[in-house]
Amino acid sequence: MNESLKLCVQEIKKLPTLPVIAQEILDLVSNDVTSVGRIERVVENDPAISAKILSVANSVFFGTKTRTRTLDNAIMRIGFDNVKSIALGISLMTVLQEGNGSRVFDYHRIYNHSVTVGFLARLLARRLKLQFSEEIMMNGMLHDLGYLILNKYFPERYRDVLLSFGKEHSLLDAEKKVLEFTHADIGNWLAEKWNLPNTIVDTTLYHHAPSRAQRNVKPAAVVHLADYITTNKMLSPTEKDPNYPFDHASLEILNITEQDLRAFEAEITGNEYFAKII
């Protein structure tokens, strides 16, 4: 942690603790014998998460014409592992939703971007037959935790970043110039503070530069590519185009070519279900 980031986070007087439901879901994620009924009982106790799961189940990602109105049907439609990831992501993002009334980001835009990255990361990991394909969705959903922290606690400071953005090559460069750290750095700090799984800690920090990661390199590369496609072809997390930097080493990390990436990108953006955002 550099000095600027250290001084910044010290200004946060009341950092939300890890929600109880998030801890319960993390316990379920690590339990191989968890039943559908148990995850349903945990989720249904939180109306906000239940509503979001129903929304995702009826979204363009599943392309079904019949809407489901019950949680058990939604879980069956989405898939057990997906529900755990979505529920965890929603519970953590929701506690950072409320700001001081001077927000610089559209929370719902970041939420939709994050869910899309999660789904694309899972689809890409399954396409590449990676062992972590069932867990990667939560990494994708939580990769931009840093934006939510900045939106909640430092909106005016981040407004200066956006004003500086026009003079810099990328949004990351503007963050480094104004804040002297990036949204990835402060998101990583929160992931560690909450004691989240190390894959989330690492992909949060390295989702823009997986080649710099010392562990969980492939998950970071998958999230990077999913974020790259989502940002450039579907929905960026900010209204201004962040001119997302592309880490070409991610292709070598995953043993794919640029042609493979373009084919996957064309398939996704050409699919009527993925061409829209939930």
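The model I am reading is a predicted one.

**Aromatic pairs**

How many aromatic pairs does the structure hold? I count six. A pair of rings is described by the distance of the centres and the angle of the planes, and I noted both values for two of the pairs.

I placed Y228 in helix α14 (residues 217–234) and Y244 in the loop between α14 and α15, so the pair ties together parts that are 16 residues apart in sequence. Is Y228 buried or exposed? I have Y228 as buried, because its relative accessible area is 14% and the limit for burial is under 20%. Y244 also counts as buried, at 7% relative accessibility.

I then listed one aromatic cluster, formed by F105, Y147 and Y158. I also recorded K52, which lies over the face of Y111 at 4.2 Å from the ring centre.

**Helix α6 and the cores**

I turned to α6, which runs over residues 80–94. This helix has 15 residues and reaches 21 Å from its first C-alpha to its last, close to the 21 Å expected at 1.5 Å a residue.

Why do I call α6 largely enclosed by the rest of the structure? Twelve of its 15 residues are buried. I wrote down the buried set as N82, V83, K84, S85, I86, A87, L88, G89, I90, S91, L92 and M93.

I next checked the largest nonpolar core, which has 62 residues. The residues with the most contacts inside this core are I53, I86, L88, L92, Y158, I186 and L196. Which element gives the largest share of this core? I found that α6 does, with seven residues. Apart from this core lies another of 24 residues, among them A125, I136, L254 and I268.

Leaving aside its neighbours within four places in sequence, I86 is in contact with I53, V56, I78, F119, M137 and M141.

**S4**

I located S4 in helix α1 (residues 3–9). What does S4 touch, not counting residues up to four places away in sequence? I list L179, E180 and F181. With E180 there is a polar contact between the side chains, at 2.6 Å.

I looked for positive phi in residues other than glycine and noted K129 and N255.

K129 has a positive phi of about 60°. I find K129 in the loop between α7 (107–127) and α8 (136–141). K129 is exposed, with a relative accessible area of 75%.

For N255 I have phi near 60°. Where is N255? Its place is in the loop between α15 (249–253) and α16 (258–270). I noted N255 as exposed, because its relative accessible area is 69% and the limit for exposure is over 50%.

Note on methods
Residues numbered from 1 in each chain as written. Predicted model: local features only at pLDDT ≥ 70, side-chain atom pairs only at ≥ 80, totals over all residues. Heavy atoms only, no water. Helix = DSSP H or I, 4+ residues; strand = E, 2+ residues; numbered from the N terminus. Expected span 1.5 Å × (residues − 1). Buried < 20%, exposed > 50% of the residue type's maximum accessible area, 1.4 Å probe, protein only. Core = buried A, V, L, I, M, F, W, Y, C linked by side-chain atoms within 4.5 Å. Contact = heavy atoms within 4.5 Å. Polar contact = N/O pair within 3.5 Å; in protein donor to acceptor, adjacent residues only side chain to side chain. Phe/Tyr/Trp six-rings, centres within 6.5 Å; stacked < 30°, edge-to-face > 60°. Lys NZ or Arg CZ within 6 Å of the ring centre and 35° of its normal.
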